[in-house]
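Me: Let's work through this one together. I'll ask, you keep it short.

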Amino acid sequence: MNSKNKCEIGNEKQIRMCVACRKREKQSNLYRLQCINNELIKFTGNGRSFYVCEKCINSKKFVRYISKLCHFNKDEAKQKILTFSFSILH
Ligand SMILES: [Zn+2]
């Protein structure tokens with residue numbers, strides 16, 4: 001049916017905000033992540049998620065955001081970001 005196609009095109013064009021720099025980007029240009037059980041993971045399709053752009057992966061703001069959201073201290077947050085393989089997402 002036509003409505004399904006429309007929906008898919010709509011998703012591609014959806015604009016989302018990077019949690020660190022607050023820049024708006026197409027959803028397809030952002031990484032969608034979430035925190036579950038104290039782990040930083042790729043969005044599973046359920047629960048709360050957030051977006052981050054490629055430039056901000058290593059930014060201090062992102063570390064701060066992650067540490068608040070996932071209840072890590074800053075060193076833990078840095079470690080989680082470092083060990084997270086962002087490359088698998090794209
Ligand atoms: Zn950003």
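Me: What is the bridge partner of Gln34 in strand 4?
Reply: Ile41 is the partner of Gln34 there. Strands here are DSSP E runs of at least two residues and helices are H or I runs of at least four, numbered from the N terminus.

Me: Before we go on, what sort of model is this?
Reply: It is a predicted model, where local features need pLDDT of at least 70, side-chain atom pairs count only at pLDDT 80 or more, and totals for chains, interfaces and linings use all residues. Residues are numbered from 1 along each chain as its sequence is written, and side-chain values use heavy atoms, with hydrogens and water left out.

Me: Back to the strands. How many bridges between strand 3 and strand 4?
Reply: Four, in the antiparallel sense. Two strands count as paired if DSSP finds at least two bridges between them.

Me: How many residues sit between the strands in that hairpin?
Reply: Two. Asn37 takes a positive phi near 50 degrees in this hairpin.

Me: And Asn38, what is its phi?
Reply: About 65 degrees, positive, although Asn38 is not a glycine. Asn38 sits in the loop between strand 3 and strand 4. Asn38 is partly exposed, at 47% relative accessible area. Cut-offs: buried is under 20%, exposed is over 50%, and partly exposed is in between, with a 1.4 Å probe and protein chains only.

Me: Which loop has Arg22?
Reply: The loop between strand 1 (15-17) and strand 2 (24-26). Arg22 also has a positive phi of about 65 degrees and is not a glycine.

Me: Is Arg22 buried or exposed?
Reply: Exposed, with a relative accessible area of 57%.

Me: How many bridges for strand 3 with strand 5?
Reply: Four, antiparallel, with strand 3 covering residues 30-36. Tyr31 stands opposite Val52. Arg32 has Tyr51 as its bridge partner.

Me: What does Val52 touch?
Reply: Not counting residues up to four places away in sequence, Cys18, Leu30, Tyr31, Leu33, Ile57, Phe62 and Phe86. Val52 and Cys21 are 31 residues apart in sequence, yet 8.4 Å apart C-alpha to C-alpha.

Me: Which residues touch the most other members of the largest nonpolar core?
Reply: Leu33, Val52, Phe62, Ile66, Ile81 and Phe86, out of 22 residues. Such a core is a set of buried Ala, Val, Leu, Ile, Met, Phe, Trp, Tyr and Cys residues joined through side-chain atoms within 4.5 Å. Strand 3, strand 5, helix 2 and helix 3 (74-83) each supply at least two of its residues.

Me: At what angle do helix 2 and helix 3 pack?
Reply: About 110 degrees, with the axes 9 Å apart. The two helices are therefore roughly perpendicular, a label that covers 65 to 115 degrees; under 35 is roughly parallel, over 145 roughly antiparallel, and the rest oblique.

Me: Which residues meet there?
Reply: Phe62, Val63, Arg64, Ile66 and Ser67 from helix 2 meet Lys74, Ala77, Lys78 and Ile81 from helix 3.

Me: Last one. What pattern does the protein chain follow?
Reply: α-β-β-β-β-β-α-α along the sequence. Of its 90 residues, 30% count as buried.

Technical notes. Axes are lines fitted to C-alpha atoms, for helices over the stretch in contact, and angles run from 0 to 180 degrees between N-to-C directions. Contact means heavy atoms within 4.5 Å.
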